[in-house]
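Dear colleague,

I am passing on the structure below, and I would be grateful if you could look it over before reading the notes that follow it.

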Amino acid sequence: MAAVAADLLAWFAQTGRDLPWRRSGRPRDPYQAWVAESMLQQTRVETVLPYYDRWLAAFPDVGALAAAPLDAVLAQWQGLGYYRRARHLHAAARTVVADGWPHTVAGWRVLPGVGPYMAAALASLCDGVEAAALDGNALRVLARLSGEEGAVDLPAVRARLAALATSLLPSGRAGEWNEAVMDLGATICRPRKPRCGDCPVRGHCLAAASGRAADLPVRRPRRPQVVEDVAMAVALAPDGRLCLQRRPDDALLGGLWVFPDPARLGLDPAAGWPLLAFTHVFTHRRWRIDGRLHPIAVPPPEADDLRWVRPDALDGLALAAPTRRLLAAAQRAQYIW
Ligand code: SF4
C-alpha cells in the first residue's frame, strides 16, 4: 500500500498541475479551494479557469461574497451552468462570515452545497485532515487499481473502494494524495483511453495487468432522460420592454430569469409568432422549448417574480441560457434591438 502512495506522490511532485487555486501553498486557502471545488463539480478545469479568475476579481474573499447581492453572484456564474452551486456558495459565505471556516469533514458538510466528496477534499487540503476524497475520478482510479468488477454506483462497491482509499492515504499528506489522485484521473487514468504506459502506479494496477483498464469501472445503466415540452413567451410591450420571470429557488434554473410560460400572462401559447424551437439539456431532463414572440398591447402588472425590462437593462439580471438564446433570436429577427 505504501508503495502506491510513494509512487503517486513522487509523480505528483514532478508533474502536478499548476492551477490558480493551488498557488496559495499548503495548506490551501479555504476560500480559493472551496470556490474552485464548487466550480469544478460537473465542469471541466479548462472551462472553470476563466470563471475562477473573474470570480476572484469580483469577490476576492468570503466577506465580499457574503456581502454581494444574489443577482450579482448569479450574474458572475452566468454560463457555467448548475446555478444551484452559486446560490449555495452565496448562502454558505454568510454562514462562514458568521461562524468562521470549518476545520473538519463534518464541519464542511454543514455548509449548503458541500457533499461528502467536497468536504473530504477541503478538510484534507485546508487542514490536513486524513480523509480520502471520492469523486468519479477517484472511484475510476481506485476501481482500476484494484480490478473492481462491481458497478461503482452500487453502495456496497463504493464502500469497498472507500475502504481501499482510506487504507492508501499516506499519513500526514492526505491533501497531496487527494490532489494527486485528481490529477492522475484527469491526465493519465482518463475515462477513455487511459495512458497506462505513462502511469506512475502501473506496477500496482490490477486492471492494467489483466488488460481490463478501458473496461473499468463498471456502471449501472443510466436512467432514461425525462423530456418536457416547455412554452416560453417573449412578450413585447408597445414601449419595447420584455417580460421576464424569476424561477423559484428550488426549481431547475432556480433564481435565474426566463421568459415566462404564456399561461402566466394569460396568453394562448399557439398564438405567438414562432421565434426559436430548441432543446435545453439538464442532467436527467430535457426541455423542448418552443419560444414565440407575443406583442402585447396592455402589459400585465409586475409581481415579485415578474418584471418588464428594457432590452438595454438586461445586463444586470442573471439570465438563464434559454433566455439568452431567445434574446439572440429576437435580435436576429429584429423584433428587439
Ligand atoms: S495503469 Fe492504467 S488503469 Fe491503472 S491506474 Fe494507471 S492509467 Fe489507470
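**Helix packing**

Helix 2 passes helix 8 in a right-handed crossing, a term used when the near helix is turned clockwise from the far one by less than a right angle. Please keep in mind that this is a predicted model, in which local features need pLDDT of at least 70 and side-chain atom pairs count only at pLDDT 80 or more, while totals for chains, interfaces and linings use all residues. Residues are numbered from 1 along each chain as its sequence is written.

Helices here are DSSP runs of H or I with at least four residues, numbered from the N terminus. Helix 2 and helix 8 (residues 116-127) pack at about 155°, their axes (lines fitted to C-alpha atoms over the stretch in contact, with angles from 0 to 180 degrees between N-to-C directions) lying 10 Å apart. The two are therefore roughly antiparallel, as helix 2 and helix 8 are described, the term covering angles over 145 degrees. In their contact (C-beta atoms, placed from the backbone, within 7 Å), Pro 30, Ala 33, Trp 34 and Glu 37 of helix 2 meet residues of helix 8 including Met 118 and Leu 122.

Helix 5 (residues 70-77) and helix 6 (residues 84-99) pack at about 140°, with axes 9 Å apart, and helix 5 also passes helix 6 in a right-handed crossing.

In helix 3, Val 48, Tyr 52 and Trp 55 are buried, that is, with 20 or more other C-beta atoms within 10 Å of their own; helix 2 (30-40) and helix 5 are among what covers the buried residues of helix 3.

Terms used:
Buried ≥ 20, exposed ≤ 12 C-beta atoms within 10 Å, placed from the backbone. Contact = placed C-beta atoms within 7 Å. Parallel < 35°, antiparallel > 145°, perpendicular 65-115°, else oblique.
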